[in-house]
Amino acid sequence: MSFFDRLKHAASTEWRAYTEHPFTEGLADASLAEAAFRHYLVQDYLFLIEFARAYALAVYKSPTLADMREAAGGLSAILDVEMNLHVKLCAGWGLSATDLEQAPPAVEMLAYTRYVLDAGMRGDLLSLKVALAPCVIGYAEIATRLAARPDALAATNPYRVWIAEYAGAPYQEVAANAREHLERLAERYATPAREAELIAIFKEATRLEADFWEMGWRAGKR
Ligand SMILES: Cc1ncc(CO)c(N)n1
């Protein structure tokens, strides 16, 4: 079994709660309340700013130039590609990039990003990449599943742009590269003695991902 599959298997309860959260079902069948999606997306913009910082930390923590380039690619994918989706979608509600940047941060956003940054700060590049894995690899898996649903990408679904972005080839490639790089890092730095600690980091980050959906989901119930 690959390193990533071992992590996923060890955290299978958390992984399912994250990747099959009702919020994701609501994106696919368009039943999600707009207020839920909007709250989620604004917080996700703040989340991406902090995740860009985490990838910058990965550049710093890189033992080799190749690791550094891989981390810099992740940083650029967030700053130069992914955040544009948020700006574009939020413009439809009259929110500018400055409005987004100045939005009050939610505790779920802070909890998740602080956890990942802390795991990276106290650990090595492998610990940091394990903490980052549920994010990029999880969204690629979720969007692929949602895109296969009937009508998920139909013009009548207001969430089709979001689904198409994460199910699309560029994002899928970023996720596949991240997964491949994680396997190579694990070959270099994972030891049986470290496995429990790495699983604990993966589980925690996955739980915080589910909490992030839950935050948006709750905003749709208010
Ligand atoms: C909360 C969260 N997890 C993962 C991704 C994928 O990059 C994202 N944009 N937001």
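Author: Start with burial. A residue is buried if 20 or more other C-beta atoms lie within 10 Å of its own, exposed if 12 or fewer, and partly exposed in between. Keep in mind that this is a predicted model.

Reader: Then take Ala133. Is Ala133 buried or exposed?

Author: Ala133 has 23 C-beta neighbours inside 10 Å, so Ala133 counts as buried. Ala133 sits in helix α8.

Reader: Which residues is Ala133 in contact with, leaving aside its neighbours within four places in sequence?

Author: Those contacts are Phe4, Leu7, Leu182 and Phe202. Ala133 and Ala175 are 42 residues apart along the chain, and their C-alpha atoms are separated by 8.8 Å.

Reader: Why does Glu183 count as partly exposed?

Author: Because Glu183 has 13 C-beta neighbours inside 10 Å.

Reader: And the start of the chain? Where does Met1 lie?

Author: Met1 lies in the segment before α1 (3-10). Met1 has 8 other C-beta atoms within 10 Å, so Met1 is exposed. With neighbours within four places set aside, Met1 is in contact with Arg6 and His9.

Reader: Now zoom out. What does the UniProt record place at residues 15-218?

Author: The UniProt record, an unreviewed entry, places the feature "domain: Thiaminase-2/PQQC" there. Over residues 15-218 the chain is 82% helix and 0% strand. The end C-alpha atoms of that stretch are 20 Å apart.

Reader: With helices packed together, what should I read off?

Author: Two packed helices are described by the angle between their axes and the distance between the axes. Take α4 (residues 34-61) and α7 (residues 107-122) as the case. They pack at an angle of about 0°, with their axes 10 Å apart. Therefore α4 is roughly parallel to α7.

Reader: Which residues make that contact?

Author: On the α4 side, they include Leu46, Phe47, Phe51 and Leu57. On the α7 side, they include Met109, Val116, Leu117 and Met121. By class, the contact of α4 with α7 has 11 nonpolar, 3 polar and 3 charged residues.

Reader: Next, the ligand. Which residues surround the ligand?

Author: The shell is Asp44, Phe47, Leu48, Glu82, Cys135, Val136, Tyr139, Glu209 and Phe212. Sort it by class. The shell around the ligand has 6 nonpolar, no polar and 3 charged residues.

Reader: Which helices each supply at least two residues of the shell around the ligand?

Author: They are α4, α8 and α11 (192-219). Note Phe47, which is part of the shell around the ligand and also of the contact between α4 and α7.

Reader: What about backbone angles? What is the general rule for phi?

Author: Most residues other than glycine have a negative phi. Ala30 is one case, with a phi near 65°. Ala30 is in the loop between α3 (22-28) and α4. Ala30 has 14 C-beta neighbours inside 10 Å, so Ala30 counts as partly exposed.

Reader: What is the phi of Asp151?

Author: Asp151 has a positive phi of about 70°, although Asp151 is not a glycine. Asp151 lies in the loop between α8 and α9. Asp151 is exposed, because 12 other C-beta atoms lie within 10 Å.

Technical notes:
Residues are numbered from 1 along each chain as its sequence is written. This is a predicted model: local features need pLDDT of at least 70, side-chain atom pairs count only at pLDDT 80 or more; totals for chains, interfaces and linings use all residues. UniProt positions are given in the numbering used here, feature names are shortened, and annotations may be inferred rather than shown by experiment. Helices (H or I, at least four residues) and strands (E, at least two) are DSSP runs, numbered from the N terminus. Axes are lines fitted to C-alpha atoms, for helices over the stretch in contact, and angles run from 0 to 180 degrees between N-to-C directions. Angles under 35 degrees count as roughly parallel, over 145 as roughly antiparallel, 65 to 115 as roughly perpendicular and the rest as oblique. Two residues are in contact if their C-beta atoms, placed from the backbone, lie within 7 Å. Ala, Val, Leu, Ile, Met, Phe, Trp, Tyr, Cys and Pro count as nonpolar, Asp, Glu, Lys and Arg as charged, and the others, Gly among them, as polar. A residue is near a molecule or strand if its C-beta atom, placed from the backbone, lies within 6 Å of it.
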